[in-house]
Amino acid sequence: VAIINDMDCVPAKMLQAEDRVWRIGQKEEVTIIYPVYKDTIEEVVFNIVNEKMKNITEAIEGKREGYFDVGDSEAIIKKDKETILQEIFSKLKL
């Protein structure tokens with residue numbers, strides 16, 4: 001499990017950080033978490049990155065997909081800090 005606490009407005013930089021976790025030789029499942037709290041700068045960056053990735057994939061691949069694989073991103077952002085932390089700890093299996 002990797003918790004990336006600092007998102008970048010450039011999706012390629014975020015992909016590079018993720019690739020370093022999912023490296024050659026990694027045999028275990030990898031979960032990457034970007035904590036996003038409502039009414040914070042992270043929420044703004046989340047929306048910017050997601051929109052950029054939709055535009056990039058539409059231009060290159062002809063389909064409109066966001067960066068984050070979350071289904072309904074609004075539902076994720078509306079969660080409170082305690083709920084997000086509980087999900088992180090459950091993935092860490094503590």
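**Entry 1: helix H1**

I began with the outward side of helix H1, where Ala12, Lys13, Asp19 and Arg20 are exposed. I note here that the model is predicted.

I then looked up the opposite side of this helix. In H1, which spans residues 11-21, I found Pro11, Met14 and Glu18 buried. Viewed down the axis of H1, these buried residues fall within an arc of 65 degrees, so they line one face of the helix.

I next asked what covers the buried residues of H1. The cover includes strand S2 (32-33) and helix H2 (41-61).

**Entry 2: the nonpolar core**

Met14 belongs to the largest nonpolar core, which has eight residues. The others listed with Met14 are Ile4, Met7, Tyr34, Val36, Val45, Phe46 and Val49. Helix H2 gives the most to this core, with three residues. I recorded a general point beside this: in soluble globular proteins, nonpolar side chains tend to be buried together.

Helix H4, residues 81-92, gives the most to the patch, with three residues.

I looked up Val1 separately. Val1 is found in the segment before strand S1 (2-3). I asked why Val1 counts as partly exposed. Its relative accessibility is 44%, and the partly exposed class lies between under 20% for buried and over 50% for exposed.

Notes
Residues numbered from 1 in each chain as written. Predicted model: local features only at pLDDT ≥ 70, side-chain atom pairs only at ≥ 80, totals over all residues. Heavy atoms only, no water. Helix = DSSP H or I, 4+ residues; strand = E, 2+ residues; numbered from the N terminus. Buried < 20%, exposed > 50% of the residue type's maximum accessible area, 1.4 Å probe, protein only. Arc of directions from axis to C-beta. Contact = heavy atoms within 4.5 Å. Core = buried A, V, L, I, M, F, W, Y, C linked by side-chain atoms within 4.5 Å.
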